[in-house]
Every structure is written in C-alpha cells, then in structure tokens.
Amino acid sequence: MQQPRNFSMAGAVDLGARQAAAKRRDQAEETGTDGESAFVFEATDATFNTDVVARSQAAPVIVDLWAEWCEPCKQLGPVLEKLANEAAGDWLLAKVDVDANPQLGAALQVQSIPMVVAVIGGQIVDGFLGALPEAQVRQWISQILQVADQLGMPARVRAEAPAAGQPGAAGARQAGPGQAAGAPAARSGLPGGDRGTGPGRPGAPGGPAGPSELLGDPRFDAAQQAMDSGDLDAAATALGQVLADSPGHPVAKAWLAQVDLIRRVNSYDRAKVRRAALEHPDDAEAQIQAADVDLATGQVEASFDRLLGAFQRAGGEDRNRVRLHLLNLFEVLPPRDPRLAKARAKLSSLLF
C-alpha cells in the first residue's frame, strides 16, 4: 500500500465544469435520480474536509475521482455505488468530479481517471487507477476493511456511524440490534483520578448516565452496582455475559475496557511503573503499564503517545503487543473523541 499523505489544496477553478456539476445536482434533485444514498454522496472542494476527512474517522471513505467525459469512469462508477450500498455503512463512497473540483484533483495528485483512493482517519492509505472488474474492486475493498480493522475500527462502529452533518453525528449513533437508542453515550466516561473506579466510570459524577436510564438489560445495572461497591470482578462478569449474548456490544465493550484498565492499574506499584518506563524506554511491557497509569489518571494523549512511540521503536512480537494494547485502550474512549481520532491517524501513518 502507498504511504498515507495529508491534503494540500491548490489549483484553478473551471467555472464551466463547476456550473455543469451544479446543473446536474439541480436536475437530480428535481427528478430524484441522482443515484445517491446514505452511503454514496458527492464531495467538492468546499465540503471535502467535512464530508470525507471527518467521516473517515468513523468509517473508511472511498473516493471516486471522475469526469463527465470519461467513459471508463462511467463503467467503474456504478460498480462502486453498487458495492457501497451493499456494504450498508461498512464504508462510504464519495464521488468527486475533478473538472468541477480542481483543488481536490491537485491535492490528490490526479494524473489520470478514473482514480480511486481510500481515506481512513483523515489519510490516504491506498488507491488504484482505471476501471477494474467488479471482482478486483471487491478484493481491493476487502483489503481496505482489513486496514480499518487493524486500526481498531470495528465493523459495527462503521455501520452505525452517522454521516457528518446529519442529526446525531456529534453524539450518539443509531441503535443497533439489541442496543437501546442513545446507549453509546455511555462510552463518554473515562477512568480518572486516584479512586479505584474513577470519576468517569459509568454512572459516576461527571461520567455518563447510568444504565437504567439507557439500557434495558439488567446486567448493566448489576455491573454498575458492582463498580460502585468496588467489586470489579463481579462487574467484569456481568459485562462478559452481555458480550457473550451480544458480541461487539459497544457499551459493554467500553465499560469492560474501563473495568479491565482499573483492575490492571490497581495491581501496579505506580511509582515503580513510572520509574521503569523512564529507565527502559525500549521495554514494551514497561511502556504498556505506564500507558495504563497515564490513561487511568486522565492523561489520555500522554498514554496514546507513549504507546505510539513504543510501537515505532519496537519490532517483532513486541510491536504487535503494543499495537493490540493500544487498540484495547482506544475502547475506553467514545468513538468520536478527537484525541482518539488523532491517535488513530498517527497509528495509520506508522502502519503504512
């Protein structure tokens, strides 16, 4: 895969092409035949940052760069639209008319079309040129989704993430199977302070609302009560039961990640952990434990940066251990936390 790169806008405006694009949009709105859906949309110079870069923090965005005069583009475009609608939110398709949006063409270094690139966490991770057969396009997309999984972007999160600018984009996602509406708000807490369960635990002051207000499963009530009493093992058991019945449940995963973090940190001698991390910067385990302490005491960016640095320095199995632990710590934060998006982008740049 090619190296990720950021975007630099430059280029002259083709007013004729832009007017033609605007006319197409107007006609599509009148006839209802624009071919767009919840998973396919048009991006422009003006909307790229919000429509593509921002959305790519929650779901991979595949960008189809095309032009009205390009016959191969007309072959590839319908294939991409079909696959995007089939994926139903696992990834999104942004269509860019390069004639009407020359700044994007320059920023993405377009030399020929059709050109397709994938954006994850605000960065390009791969792309191809030409009108490939559907089977090859499917294979390429499967590779993109594998990259998203490596970056800790689970399929359910991708499928449920609302589009930028749509109702609920700044907060909760739509409820999934077995999940009460608004339940992901319970992910907004973060363990912090020196108390064993931290002020950001579910239901704590300053943390998210209690499960009785959000979820119908009584096991969330049991988990919260166990955390309130300091019985973290019982809390983990209750949350594990939820996950056994509903694998990947976002709230249960977030709460369990918090509980596991607290249990680990409670077993540490914090002074020794910090000293070991300082004295042994290349010791993966020392950095992992120090990152736990950082996160549990509210130092989110310090925790992520510590593991990103350890990942960059490590090799072999240690490198994979650090990556997996970082992905586990990502579970503690809500999926739209800007600190999480920043860390995902850094991890993407180090992976590719």
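This briefing covers the disulfide, the aromatic pairs and the charge-over-ring contacts of the structure. The model is predicted. One disulfide is counted, and a search of the whole structure finds three aromatic pairs.

**Disulfide**

- Cys 70 and Cys 73 are joined by a disulfide, with an S to S distance of 2.4 Å.
- The torsion about the S-S bond of Cys 70 and Cys 73 is about 80°, so this disulfide is right-handed.
- Cys 70 and Cys 73 are both buried.

**Aromatic pairs**

- Among the three aromatic pairs is that of Phe 128 and Trp 140, which is edge-to-face, at 5.0 Å centre to centre and with 85° between the planes.
- Phe 128 belongs to strand 5 (residues 123–129) and Trp 140 to helix 5 (residues 134–150), so their pair ties together parts that are 12 residues apart in sequence.
- Both Phe 128 and Trp 140 are buried.
- The ring centres of Phe 220 and Trp 255 are 5.2 Å apart and the planes stand at 90°, so this pair is edge-to-face.
- Phe 220 lies in helix 8 (residues 218–228) and Trp 255 in helix 10 (residues 250–266), so the pair ties together parts that are 35 residues apart in sequence.
- Phe 220 and Trp 255 are both buried.

**Charges over rings**

- Arg 55 has its charged end over the ring of Phe 41, at 4.0 Å from the ring centre.
- Arg 319 has its charged end over the ring of Phe 311, at 3.8 Å from the ring centre.

Terms used. Residues numbered from 1 in each chain as written. Predicted model: local features only at pLDDT ≥ 70, side-chain atom pairs only at ≥ 80, totals over all residues. Heavy atoms only, no water. Disulfide = S-S within 2.5 Å. Buried < 20%, exposed > 50% of the residue type's maximum accessible area, 1.4 Å probe, protein only. Phe/Tyr/Trp six-rings, centres within 6.5 Å; stacked < 30°, edge-to-face > 60°. Helix = DSSP H or I, 4+ residues; strand = E, 2+ residues; numbered from the N terminus. Lys NZ or Arg CZ within 6 Å of the ring centre and 35° of its normal.
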